[in-house]
Amino acid sequence: MSTTGNAIATKTTEVTRDQRSFVERLQKTGDVKIVDKQVDWDLELGAISRRMTEIDGPAIVFKNIKDYPGQSIFVNPISTWRRAAVTLGLPAHASIRNIYDEYIRRDSNPIPPKEVKDAVCRDVIIRGKDVDVTELATPLIHAGDGGRYLGTWCIVVSKDPDTGWMNWGTYRFMLHNTQYLSGWPFAPSHLGRMLREKYLPQNKPMPVAIVIGADQSSHLASTSSTRVGRDEAMLAGGLAGFPIEITKCLDSDLTFPANAEVVLEGEILPDKIAMEGPYGEYPGYRSGEMGAGILMKVNTICHKKNPILSMDCTGYKDCSSTVTALGGGVAIRRSLERAGVPVTGVYVPSEGAVHLCIVGVPKGGKEITQKVLDTLTGHRTYMTKILVVEDDVDIFNLGEVIHAWATRCHSGLAKLGGDMSHTHFQEKLGADMRSTNFQELEGSRGGTHIKYVEGSAQQLTPCYDQEERPRRAGAVAAFDVSFPPAWDPTEVPIKARFNCMYPEEIQKKVLDNWTAYGL
């Protein structure tokens, strides 16, 4: 069934209350596979997971991981729209529009959490010198990663020491040694800013907790692009439709979802760093080089007996791309509404890896498009491509969007520097602008190349105006969708895909055993 189209009233069911009941719900909808065959944590598990998400396949629970008897890993919990729908209590076949509408409805009705005295993750408690994070099932997810990543689909809890605001966020953390993890909460993130502005100047350690295998409402709230100061536990309650049970850490007053499978308590050290990365990230490429990351000392580990850890096999079309399409899309819409843009909808397609945004408006034009651009580049800027379409185009139907872009979007410049139109720019440079490769004016960097034509344009092209059509005038844009040839081969990002990021022998092993895995 198509996941695009007009919204249809969809009946919801109660949202699952923990990770295990979520897996059970996915078994009923056919959206999870259980793998009993032993798999190696060294690349094999990651390669299977990467291929599965690229084909929009089910989530996977690996129950037999080499060197880790009794532990399982739940992979790619919400990397498809079907599983996003199930997370919100919708039928798995719900349309993307229905999923967005339900998220917005639930996001608008936060529910305070309920604090409880204990957590189910405390079947096993390990403290002090007995802590060994390498005893938790942690795979080498991609070839070329700087190490084994324990924190991918996790909730990292921190607290503003001045306001008391408790932040839940999702950040990557890598094994450093038996008691330490290195991480990379990039600077614009809530945790990164809080660390830089509130703890480092005072040379104070920052208490944190890394939560693995919680209910999906809490994970979804953790990945949301919400404002500083908003209570993600309340957001999680709104998304769930009931209060999330939370409990305090053993070593601090931080609170976390009491239904979690594993919790690591510790502190980020203000006077130490550790090497971290590179890593196959959500844009679909291996990011950067090994560099200085933050260092977390783990003081306490709590987990259920036979824990089921959670993992996002990041790369092309992963959990990050899907959940950011939800939380990020809603945040973008609200930013536009606050700026006075008459927005009718926002869609962040998972295929665009959080770099493409489609904005629907009642009536488009140069002014409204410029206002959208100015609004969405005023703070953190993830989006590099923004399409503004009128509301006769279904923003959730990429076929309709591509048709509108191809036929309605003029390839000439709308503006260049202040209020200078491309016509005035041509007059300034001379008539030969019409036959000039515009990229030459900008240097050797790839990007958008524009050529103005006279006497050869197609008169039936809808975006050409009444002045251009009789002259068969227009413009053609060529988008350089490649990395610059001048880059050193070592600088070119490696695609985080099954056929690019894993050795041939691992690819062959996975493909040869696909049926044996039960996939």
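Predicted model: local features only at pLDDT ≥ 70, side-chain atom pairs only at ≥ 80, totals over all residues.
Entry 1, the domains. I looked up the division of the protein chain and found domain 1 (19–311) and domain 2 (339–491), with their C-alpha centres 38 Å apart. To the contact, domain 1 gives 12 residues and domain 2 gives 14 residues.

Entry 2, the area between them. I read a buried area of about 1000 Å² between domain 1 and domain 2, with 61% of that area coming from carbon and sulfur atoms. On the side of domain 1, I noted that Arg97, Tyr100 and Tyr282 supply 45% of the area buried against domain 2, which is more than any other three residues.

I found a count of one salt bridge between the domains, and looked at the pair Arg97 and Asp394, which form a salt bridge whose closest N and O atoms are 2.7 Å apart. I also recorded two residue pairs in polar contact between domain 1 and domain 2. The elements giving two or more residues to the side of domain 1 that touches domain 2 are α4 (96–107) and α5 (190–199), and α4 has the largest share, with three residues.

I then turned to α10 (residues 398–408), where the buried residues are Val401, Ala404 and Thr407. These lie on the same side of α10 because they cover an arc of only 150° around the axis, while Ile402, His403 and Ala406 are exposed on the other side. Among what covers the buried residues I noted β20 (356–361) and β21 (385–390). At the N-terminal end, Asn397 caps α10 through a side-chain oxygen that lies 3.0 Å from the backbone nitrogen of Gly399.

Methods
Residues numbered from 1 in each chain as written. Heavy atoms only, no water. Buried < 20%, exposed > 50% of the residue type's maximum accessible area, 1.4 Å probe, protein only. Helix = DSSP H or I, 4+ residues; strand = E, 2+ residues; numbered from the N terminus. Arc of directions from axis to C-beta. Contact = heavy atoms within 4.5 Å. Polar contact = N/O pair within 3.5 Å; in protein donor to acceptor, adjacent residues only side chain to side chain. Domains from an automatic or database assignment. Buried area = accessible area lost by both parts, 1.4 Å probe. Salt bridge = Lys/Arg side-chain N within 4 Å of Asp/Glu carboxyl O.
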